[in-house]
Amino acid sequence: MIIAARRTPIGEAGGLLRHVEVDRLAAPVLRAVLDDAGIERVDDVLLGNVLGPGGNPARVAALRAGLGEATPGMTIDRQCASGLSAITTAASMLTGDGFVLAGGVESPSTAPWRAWRPRNATEPPRFYQRAPFAPAEIGDPDMGPAADLVAAEAGIGRERQDAFAARSHARATAAQDAGRFDAELVPIGPATSDERPRRGFTPERLARFRPAFTADGTATAANSCGISDGAAAVLITSEQQRAKLGVPGLRLIGARTSGVDPNRLGLGAVPAMRDLCERHAPEVVEFNEAFAGQALACLDAAGLDEELAGPDGGAIALGHPWGASGAVLVVRLFSRMVRQDGPRIGMAALSSGGGLGVATMWERVG
């Protein structure tokens, strides 16, 4: 059961949160979640994180949040699915009527530079952008070209992708104007609202952008997510403890993890989503919009109406803080389903590097 959920505003890399390290991003969110629930102690803290700096950011953030030296911490890396995997792992670890904090955090703005060690004294270090997701002989494409491949094979054209991206921005700016994000946000310094959503991003305007990754591709800078800083966390407990506290919440009614061909990594969540959708029909879907074509390919393959996805916008508009994004999806579901007394059944899912995917199904109770 999730009984509290918060996130930071999502900042663009190099933007408002550019000087805030991962533990300083996560700690205020952990504290806000506990304050919302009126809880002081938890049994563990699990956070997803992709870029480091290492040193178990979950433990560092827990200490910085004042949770005490007796509170453990564990950091999980399943690439973009790290935050959602942290939540499902925490749910499986829960014992009795205890409490576990789970979520994710990412700060590309403050992440260390990465370099392969020189092989001899005359060779300089070789800097790199990302670690391998799969052995090179199997295929380890960058995400942009892989998204173009997935969209092309699924028959999803540029016009549909641009319309989807424009809708994401329109929904996000409408949610900002209506204050639908306010209750879930924990301000961090000057960052009080999500930095990326753009007004006036019409399909006609998006059509002017050139392909970003392959010469004849359909993914552009405008119909793809942004590189972002942010953190999100939820408080997990038992159904018995939720009832004792007398608060509403989200019950985890299904979770699956799947793997596919790493060359088509954007489809990683499809088997997991299909499996869950055979048992439940979600009324709202939060699917991570890494790329419009890739997101649409997953929704189509899972038999889900794209109109159900991202009712307040998704990662194309809000941004994609990799290790936190899966947790952001669950925070958004909590707001839509619990805070706003909305749909009864909802799904949160995303694909990640290496051809992996995680899907979860939730039920509103109380």
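How do the axes of helix α3 and helix α11 cross, and within what distance do they come?

## Two helices that meet

The axes of helix α3 (residues 82-93) and helix α11 (residues 322-339) come within 4 Å and cross at roughly 60 degrees. Axes here are lines fitted to C-alpha atoms, for helices over the stretch in contact, with angles from 0 to 180 degrees between N-to-C directions. Helices (H or I, at least four residues) and strands (E, at least two) are DSSP runs, numbered from the N terminus. The two helices α3 and α11 are therefore oblique to each other; angles under 35 degrees count as roughly parallel, over 145 as roughly antiparallel, 65 to 115 as roughly perpendicular and the rest as oblique.

On the α3 side, Ser-82, Gly-83, Leu-84 and Ile-87 make the contact, and they meet Gly-323, Gly-326, Ala-327 and Val-330 of α11. Contact means heavy atoms within 4.5 Å. The residues of this contact divide into 4 nonpolar, 4 polar and no charged. In that scheme Ala, Val, Leu, Ile, Met, Phe, Trp, Tyr, Cys and Pro are nonpolar, Asp, Glu, Lys and Arg are charged, and the others, Gly among them, are polar.

## About the model

This is a predicted model, in which local features need pLDDT of at least 70 and side-chain atom pairs count only at pLDDT 80 or more, while totals for chains, interfaces and linings use all residues. Residues are numbered from 1 along each chain as its sequence is written, and side-chain values use heavy atoms, leaving out hydrogens and water.

## Aromatic rings and charges

Rings of Phe, Tyr and Trp (its six-membered ring) pair if their centres lie within 6.5 Å; planes under 30 degrees apart are stacked, over 60 edge-to-face and the rest tilted. By this rule the count comes to 4 aromatic pairs. One of them joins Phe-201 and Phe-209 edge-to-face, at 6.3 Å centre to centre with 70 degrees between the planes. Phe-201 is buried at 14% relative accessibility, while Phe-209 is partly exposed at 31%. Buried means under 20% relative accessible area, exposed over 50%, and partly exposed in between (1.4 Å probe, protein chains only).

Phe-213 and Phe-291 also form an edge-to-face pair, with 5.8 Å between centres and 85 degrees between planes. This pair links distant parts of the chain, 78 residues apart: Phe-213 is in the loop between α6 (203-206) and β8 (228-236), and Phe-291 in the loop between β10 (284-287) and α9 (292-301). Phe-213 is partly exposed at 37%, whereas Phe-291 is buried at 10%.

Charges meet rings too. Arg-7 lies over the face of Phe-181, 5.2 Å from the ring centre, and the charged end of Arg-130 sits over the ring of Phe-133, 4.4 Å from its centre. For this, NZ of Lys or CZ of Arg must be within 6 Å of the ring centre and within 35 degrees of the ring normal.

## Backbone details in the loops

Most residues other than glycine have a negative phi, and most peptide bonds are trans. The bond from Gly-52 to Pro-53, however, is cis, with omega near 25 degrees. Pro-53 belongs to the loop between β3 (44-48) and α2 (57-64). Asn-56 lies in the loop between β3 and α2 and has a positive phi of about 60 degrees. Gln-79, in the loop between β4 (74-76) and α3, has a positive phi near 55 degrees.
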